[in-house]
Amino acid sequence: MTTLSSFLANEHNHCDELFAQAENAVADHDWPRAGSAFQQFMESTQRHFAHEEDVVFPAFETQTGMHGGPTKVMRGEHQQMSQVMTAMREALAKQDGNGYLGFSETLLMLMRQHNLKEENILYPMTDQALAGQEAALLDRMA
């Protein structure tokens with residue numbers, strides 16, 4: 001059976017691939033490809049955030065009683081990353097490659113730190129706390 005950790009980490013990897021495709025397209029000044037790749041990246045990332053914030057985090061909080069702990073920190077980081085993605089989208093709309101790549105560097109740093117915390121700390125806690133509920137939660141995210 002797929003664990004919550006592996007499902008969510010796979011989503012991280014997929015988003016990372018889309019992020020790299022968009023960044024490469026911007027570096028090549030291929031604006032149509034950049035726009036398409038960035039849109040896919042942003043949609044996949046927002047879907048991932050929703051999986052966590054609407055499905056996994058509430059289940060974890062209910063099971064553990066931890067409402068102000070790691071999930072609160074992760075939600076705050078999601079908001080911060082969403083703000084940077086908005087700035088990236090605006091730079092892309094202006095075909096401002098330097099602006100986009102500057103924001104992309106910031107987002108990459110934020111994503112790496114965020115994903116490490118989730119994959120090494122929160123996801124293992126989630127797997128333990130939600131043992132036996134994985135199938136139902138994965139089904140809600142499908």
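**Figure 1. Buried residues of helix α3 in the predicted model.** In α3, the buried residues are Thr 71, Met 74, Glu 77, His 78, Met 81, Ser 82, Val 84, Met 85, Ala 87, Met 88, Ala 91 and Leu 92. Their cover includes α1, α2 and α4. The helix runs over residues 70-93, 24 residues in total, and spans 35 Å between its first and last C-alpha, close to the 34 Å expected at 1.5 Å a residue. Just after α3, Gln 95 has a positive phi of about 55°.

**Figure 2. The largest cavity and its lining.** One cavity of 30 Å³ or more is found in a search of the whole structure. The largest cavity holds about 80 Å³ of space. Its lining consists of Glu 11, His 12, Cys 15, Asp 16, Phe 41, Thr 45, His 48, Phe 49, Met 81, Met 111, His 114 and Asn 115. By class, the lining has five nonpolar, five polar and two charged residues. Met 81 of the lining is also among the buried residues of α3.

**Figure 3. Aromatic pairs and the ring cluster.** The count of aromatic pairs is three. The pair of Phe 38 and Tyr 100 is edge-to-face, because the ring centres are 5.8 Å apart and the planes lie at 80°. Phe 38 belongs to helix α2 and Tyr 100 to helix α4, so this pair ties together parts 62 residues apart in sequence. Phe 38 is buried at a relative accessible area of 2%, and Tyr 100 is buried at 1%. Ring pairs join Phe 19, Phe 38, Phe 41 and Tyr 100 into a cluster; Phe 41 also lines the largest cavity.

Note on methods
Residues numbered from 1 in each chain as written. Predicted model: local features only at pLDDT ≥ 70, side-chain atom pairs only at ≥ 80, totals over all residues. Heavy atoms only, no water. 1 Å grid on protein atoms, 1.4 Å probe; cavity = no way out; pocket = protein on both sides within 12 Å on 5 of 7 lines; lining within 4 Å. Points joined across faces, edges and corners; volume = space filled by probe spheres on them. Nonpolar A, V, L, I, M, F, W, Y, C, P; charged D, E, K, R; others polar. Helix = DSSP H or I, 4+ residues; strand = E, 2+ residues; numbered from the N terminus. Expected span 1.5 Å × (residues − 1). Buried < 20%, exposed > 50% of the residue type's maximum accessible area, 1.4 Å probe, protein only. Contact = heavy atoms within 4.5 Å. Phe/Tyr/Trp six-rings, centres within 6.5 Å; stacked < 30°, edge-to-face > 60°.
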